[in-house]
Amino acid sequence: MIASIALDLGTTSIKAGLLDRDGVLGNIVAHPAPKITVNAGRYESDALAYAETAEKVLDECVAQAGDCKSVGLCSQRSSFLIWEKSGGRPLTPLISWQDNRGVPSCDALQAHERSIRSLTGLPLTPYYFAPKLRIVLHENPAWQTRLERGELLAGTLDSYMIWRWTGGQHFLIDASMAARTLLMDIRRQQWSPQLCGLFGIPLSMLPEIKPSTGLQLRLGNGLTLQASVGDQSAALFASVGEDRAEALVNLGTGCFVVRYLPDEEFTLDGYLHTLVYQDRAQHAHFALEGTL
């Protein structure tokens with residue numbers, strides 16, 4: 001019996017499979033993601049082509065799913081785009097998490113690195129959403145005005161796909177993806193006015209933060225989105241069970257070592273702090289992460 005469809009929005013490939021009630025994944029469909037072009041540290045791909053490829057992968061998987069209408073999503077963290085609210089046309093390419101155009105942002109905010117890390121659990125680096133978006137808006141000042149007026153939307157890849165699949169009805173991000181933006185207070189799981197002020201990103205233009213599970217979002221293709229998480233969160237959740245002393249080593253486009261943190265622990269000791277997921281009761285589960 002198929003329990004759910006699983007869709008992975010990866011950096012180099014997009015995959016979907018059928019998950020049975022014993023947790024076994026099969027009938028995997030995979031297509032290469034659109035080619036990423038690299039120019040002076042800028043990593044970009046065609047956002048619309050990415051969305052259309054993801055939809056093709058999902059359609060091919062749905063054709064094998066029988067009566068199953070449930071889907072769970074995991075997405076590459078920190079990749080984002082800006083798109084038009086009317087019609088959904090991407091205004092930017094899909095800007096990859098690998099992109100380092102945010103270096104000037106990090107240089108300008110070095111004096112605030114300690115407070116940024118305290119609030120987010122993350123170092124101040126250009127790989128995250130906020131430093132890159134700050135530069136994009138500096139280079140295109142008219143876009144910030146249009147974002148503030150609600151004519152444009154800016155969000156991570158998952159936010160765009162969910163917005164697209166719900167016909168523009170839901171502009172949201174789950175807590176695990178929001179935690180990788182450098183704009184969320186990781187303890188409160190809310191956008192931080194202090195961080196938004198530092199990066200010059202109005203809080204009002206950000207998507208609504210939702211729990212990672214229990215979403216129950218009806219999509220235009222007839223599926224119901226039950227869960228949405230970042231890719232490393234999904235890998236940890238799938239690989240490490242009740243024995244939370246285990247660590248996951250995950251080798252892909254990036255390399256990651258992740259271990260759950262007990263609820264009572266929250267220390268800043270050189271590792272990244274990852275919000276693995278927020279459950280439907282809005283309880284957050286954390287991990288330590290080493291990233292290469």
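Start with W83: beyond its neighbours within four places in sequence, W83 contacts G88, R89, P90, L91, L152, L153, A154, G155, S159, Y160, W163 and F171. The model shown is predicted. Its chain has 292 residues, and 54% of them count as buried. The secondary structure comes to 9 helices and 19 strands.

**Around W83**
- W83 sits in strand β7, which covers residues 80–84.
- W83 has 0% relative accessibility, so W83 counts as buried.
- G155, one of the contacts of W83, is 72 residues away from W83 in sequence.
- In space, the C-alpha atoms of W83 and G155 are 8.6 Å apart.

**The chain as a whole**
- The C-alpha trace spans about 55 × 45 × 35 Å along its principal axes.
- Take the contacts between residues at least 6 apart in sequence: 63% of these join residues at least 24 apart.
- The accessible surface is about 12,900 Å². Carbon and sulfur atoms account for 51% of that surface.
- There are 25 positive and 31 negative side chains. The centres of these two sets lie 5 Å apart.

**Helix α3**
- Helix α3 runs over residues 113–120, and its buried residues are I116, R117, L119 and T120.
- Viewed down the axis of α3, these buried residues fall within an arc of 165 degrees, so they line one face of the helix.
- G121 follows α3 and has a positive phi, near 80 degrees.

- Most residues other than glycine have a negative phi. The residues below have a positive value.
- A40 has a phi near 50 degrees and is not a glycine.
- A40 lies in the loop between β4 (37–39) and β5 (42–45).
- The relative accessible area of A40 is 77%, over the 50% cut-off, so A40 is exposed.
- Q282 is not a glycine either, and its phi is positive at about 65 degrees.
- The loop between β18 and β19 (284–291) holds Q282.
- Q282 is exposed, with a relative accessible area of 54%.

Methods. Residues numbered from 1 in each chain as written. Predicted model: local features only at pLDDT ≥ 70, side-chain atom pairs only at ≥ 80, totals over all residues. Heavy atoms only, no water. Helix = DSSP H or I, 4+ residues; strand = E, 2+ residues; numbered from the N terminus. Buried < 20%, exposed > 50% of the residue type's maximum accessible area, 1.4 Å probe, protein only. Contact = heavy atoms within 4.5 Å. Areas by Shrake-Rupley, 256 points an atom, 1.4 Å probe, with all protein chains shown as cover. Lys, Arg positive; Asp, Glu negative; His and termini not counted. Charge placed at Lys NZ, Arg CZ, Asp CG, Glu CD. Arc of directions from axis to C-beta.
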